[in-house]
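The sequence and the structure follow.

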Amino acid sequence: MSTLLPLTFPYSSSKKPTATSHRIFRLSAQSQETIQKTTIEYKPGLLDHVFLNLFRNKMVQEVGWDSKKPGYDGLIDVANRLMLARTNSETKEAAVRILRSLFPPLLLELYKILISPIGQGKLASVMVARVTALSCQWLMGTCKVNEVDLPDGSSLPSGVFVERCKYLEESKCVGICMNTCKLPTQAFFMDHMGVPLLMEPNFNDYSCQFKFGVTPPEDDSTLNELCLEICPNASRRRTVATSTLEMKCPKA
């Protein structure tokens, strides 16, 4: 993993921060220091490399472009191109297509028809939580199944807690998190597997809570998150005066 650099604010230490600087960027120096002190590392195995290459190849097919960088760094480059070349809604639709392409179509249909209705969807929620925790650590980093509260007042081991999301940490971008991960993943599980999912990324410590069996609220507060100070897309927007596609901040 890459090492996060200390925050550099656009004002001197002798000047009081302006209201604008607080409004544009999400992370404070204190929260950034907390992230730097936390080191949670997942060491991928042979099967993880197979999953990474498969996922990256599917993304490349959708984007029509590949990065020259190897491994995970190249994957992040492709994800960035996926987002910058499309509107937010187009990016979400493309990401859903990528997720669908990873599964045999009949498998998704059978799961939605046969498994999802059992026990008001609780069995399906528990199953996908366990599979996600076991098979997606190559993408997200260390994670574990945990209990979540359901709308009916009960609790169920249908959550997945990602201790420090590698995808968010490496991309350093709220837009990539939202438009290529959170929103399309929620839509994919609901629309194609019949399992409601709420994902709650934490942009202070890079953790993320998956809640299978919970429907996202209409007023999801994470949709209002502002750019991270360390976001490379936001940095380019601050330093380049043009409004070209490559320099446009996806959250602007």
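## Loop residues with positive phi

In this predicted model, Gln120 is placed in the loop that links α6 (105-115) to α7 (122-135). Although Gln120 is not a glycine, its phi is positive, at about 60°. Its relative accessibility is 73%, so Gln120 counts as exposed.

Tyr206 is another residue other than glycine with a positive phi, here near 70°. Tyr206 belongs to the loop between β3 (197-201) and β4 (208-212). With a relative accessible area of 0%, Tyr206 is buried, since any value under 20% falls in that class.

## Overall composition

The protein contains eleven helices and four strands. Of its 252 residues, 43% count as buried. Among contacts with a separation of 6 or more, 62% are between residues 24 or more positions apart.

## Packing of α3 against α5

Helix α3 (residues 46-63) and helix α5 (residues 88-101) have axes that come within 10 Å and cross at roughly 135°. The crossing of α3 past α5 is right-handed.

On the α3 side, the contact is formed by Phe55, Lys58, Met59 and Glu62, and α5 contributes Ala94, Arg97, Ile98, Leu99 and Ser101. Sorted by class, the contact of α3 with α5 comprises five nonpolar, one polar and three charged residues.

Val160 is part of strand β2 (residues 155-162). Its relative accessibility is 0%, and Val160 therefore counts as buried. The C-alpha atom of Val160 is separated by 9.6 Å from that of Val128, with the two residues 32 positions apart along the chain.

Leaving out residues up to four places away in sequence, Val160 touches a set of residues including Ala129, Thr132, Ala133, Cys143, Val145, Cys208, Phe210 and Phe212.

## Nonpolar cores

The largest nonpolar core has 51 residues, and Tyr167, Phe210 and Phe212 have the most contacts inside it. Apart from this core lies another, of six residues, with Val126, Val148, Leu156 and Leu198 among them.

Beyond its neighbours within four places in sequence, Phe210 is in contact with Met140, Val148, Ser158, Gly159, Val160, Val162, Leu197, Leu198 and Met199.

Methods. Residues numbered from 1 in each chain as written. Predicted model: local features only at pLDDT ≥ 70, side-chain atom pairs only at ≥ 80, totals over all residues. Heavy atoms only, no water. Axes fitted to C-alpha atoms, helices over the stretch in contact; angles between N-to-C directions. Helix = DSSP H or I, 4+ residues; strand = E, 2+ residues; numbered from the N terminus. Left-handed = near helix turned anticlockwise from the far one by under 90°. Contact = heavy atoms within 4.5 Å. Nonpolar A, V, L, I, M, F, W, Y, C, P; charged D, E, K, R; others polar. Buried < 20%, exposed > 50% of the residue type's maximum accessible area, 1.4 Å probe, protein only. Core = buried A, V, L, I, M, F, W, Y, C linked by side-chain atoms within 4.5 Å.
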